[in-house]
Structures are given as C-alpha cells and as structure tokens.
Amino acid sequence: MSPSTSGREELARIARDWVTLWRAPVDWARFDALHADDFVDHASAGRPGTKAGFAQGLAAMVEAFPDLVTTVEDLLVDETRSRVAVRWKAVGTNRGRYLGVGPTNRLTTITGIEIVGIEDGRVVERWGEWDISGHLGSRP
C-alpha cells in the first residue's frame with residue numbers, strides 16, 4: 001500500500017463514513033464511491049473477498065436488520081501506513097433470517113473491530129472481526 005496522500009483527519013473521516021454507511025437503506029452510490037474497484041476483503045466470512053462480495057454481505061445484514069444503526073466507538077489512525085482501526089457497534093431489530101437465525105424480532109447488538117486501508121480517498125482493503133454472539137444465541 002502506498003503512503004497516505006490524505007491527512008489524519010481525512011483518513012478518519014473516510015473510515016467513519018465507511019462504517020456508518022452500514023444502515024438501511026444503504027446508499028449504494030455512496031458505497032460505490034467509498035470502495036475502490038479493486039477492494040479486497042481479507043475477512044470475507046466465506047463470501048467473495050471483493051467489493052461485490054462485501055456489498056452482498058452488507059445487503060444481507062440490512063435486510064435482516066432493517067432499522068440497523070451503526071456507530072463508531074473508537075477510531076485510531078496510522079497515517080504513515082494509510083490505515084485506520086475502528087471499533088464499532090450496530091443495533092437493530094432482527095426482522096429476517098441472518099446467519100441461519102431469525103427472525104427473532106429482538107433488538108440485537110453487534111460489535112466489531114475493523115482495520116481498513118485507504119488510498120486516494122477510498123477504502124482499498126479491510127480486515128474485520130465481529131461479535132454477533134447475541135444474535136446467534138437467539139434461536140428462533
């Protein structure tokens with residue numbers, strides 16, 4: 001990855017915009033603008049590790065949680081490497097099947113940590129770990 005052409009504030013803004021995009025209805029034009037065409041998802045959870053694969057996962061999540069709201073809890077910027085670490089929380093009501101569970105019609109909290117690489121104002125790669133145990137423990 002090349003060094004950042006963006007400052008610390010710009011990297012933080014892009015990462016924050018990227019995470020808070022995860023809500024219904026998804027602004028797909030914004031999604032497209034925030035992701036490089038050659039985006040690589042290094043933690044794709046069995047989906048293709050591409051921009052289209054990530055879009056597929058996001059669509060499934062907001063379909064299952066149509067009132068999902070995602071917030072940034074912590075954000076750390078490594079300007080030298082053009083990477084941002086984000087700890088986030090999403091809250092929504094499970095109205096559809098997601099990861100083999102539901103609909104539970106319960107309010108669910110999902111948390112996660114993402115590390116995103118950013119080049120030329122767009123997310124080019126992502127590594128992420130999610131805790132979705134509250135949802136998975138809610139058998140229909």
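Trainee: Which element gives the largest share of the lining of the largest pocket?

Mentor: Please keep in mind that this is a predicted model. The elements that give two or more residues to the lining of the largest pocket are α3 and β5. The largest share, six residues, comes from α3.

Trainee: How many residues of the lining of the largest pocket are nonpolar?

Mentor: The largest pocket has a volume of about 370 Å³. Among the 17 residues that line the pocket, A45, R47, Y98, L99 and W130 are the closest to its centre. By class, the lining has three charged residues, three polar residues and, as the number requested, 11 nonpolar residues.

Trainee: W130 is one of those residues closest to the centre of the pocket. Is W130 buried, partly exposed or exposed?

Mentor: Buried means under 20% relative accessible area and exposed means over 50%, with partly exposed in between. The value for W130 is 31% relative accessibility, so W130 counts as partly exposed.

Trainee: Let us turn to the aromatic rings. How are the rings of W22 and W88 arranged?

Mentor: A pair of aromatic rings is described by the distance of the centres and the angle of the planes. A search of the whole structure finds 10 aromatic pairs. For W22 and W88, the centres are 5.1 Å apart and the planes are at 90 degrees; planes over 60 degrees apart count as edge-to-face. The pair is therefore edge-to-face.

Trainee: How many residues apart are W22 and W88?

Mentor: W22 lies in the loop between α1 and α2, whereas W88 lies in strand β3. W22 counts as buried at 1% relative accessibility, and W88 counts as buried at 1% relative accessibility. The pair links distant parts of the chain, 66 residues apart.

Trainee: What is the arrangement of the rings of W22 and W130?

Mentor: The ring centres of W22 and W130 are 5.9 Å apart, and the planes are at 35 degrees.

Trainee: Which residues touch the most other members of the largest nonpolar core?

Mentor: In soluble globular proteins, nonpolar side chains tend to be buried together. Here the largest nonpolar core has 33 residues. The elements that give two or more residues to this core include α1, α2 and β3. The residues that touch the most other members are W22, M61, L75, V84, V86 and I118.

Methods. Residues are numbered from 1 along each chain as its sequence is written. This is a predicted model: local features need pLDDT of at least 70, side-chain atom pairs count only at pLDDT 80 or more; totals for chains, interfaces and linings use all residues. Side-chain values use heavy atoms; hydrogens and water are left out. A nonpolar core is a set of buried Ala, Val, Leu, Ile, Met, Phe, Trp, Tyr and Cys residues joined through side-chain atoms within 4.5 Å. Buried means under 20% relative accessible area, exposed over 50%, partly exposed in between (1.4 Å probe, protein chains only). Helices (H or I, at least four residues) and strands (E, at least two) are DSSP runs, numbered from the N terminus. Rings of Phe, Tyr and Trp (its six-membered ring) pair if their centres lie within 6.5 Å; planes under 30 degrees apart count as stacked, over 60 as edge-to-face and the rest as tilted. On a 1 Å grid over the protein atoms alone, a cavity is a set of points where a 1.4 Å probe fits but cannot get out, and a pocket is an open set with protein on both sides within 12 Å along at least five of seven lines; lining residues have an atom within 4 Å of a point. Grid points are joined across faces, edges and corners, and a volume is the space filled by probe spheres set on the points. Ala, Val, Leu, Ile, Met, Phe, Trp, Tyr, Cys and Pro count as nonpolar, Asp, Glu, Lys and Arg as charged, and the others, Gly among them, as polar.
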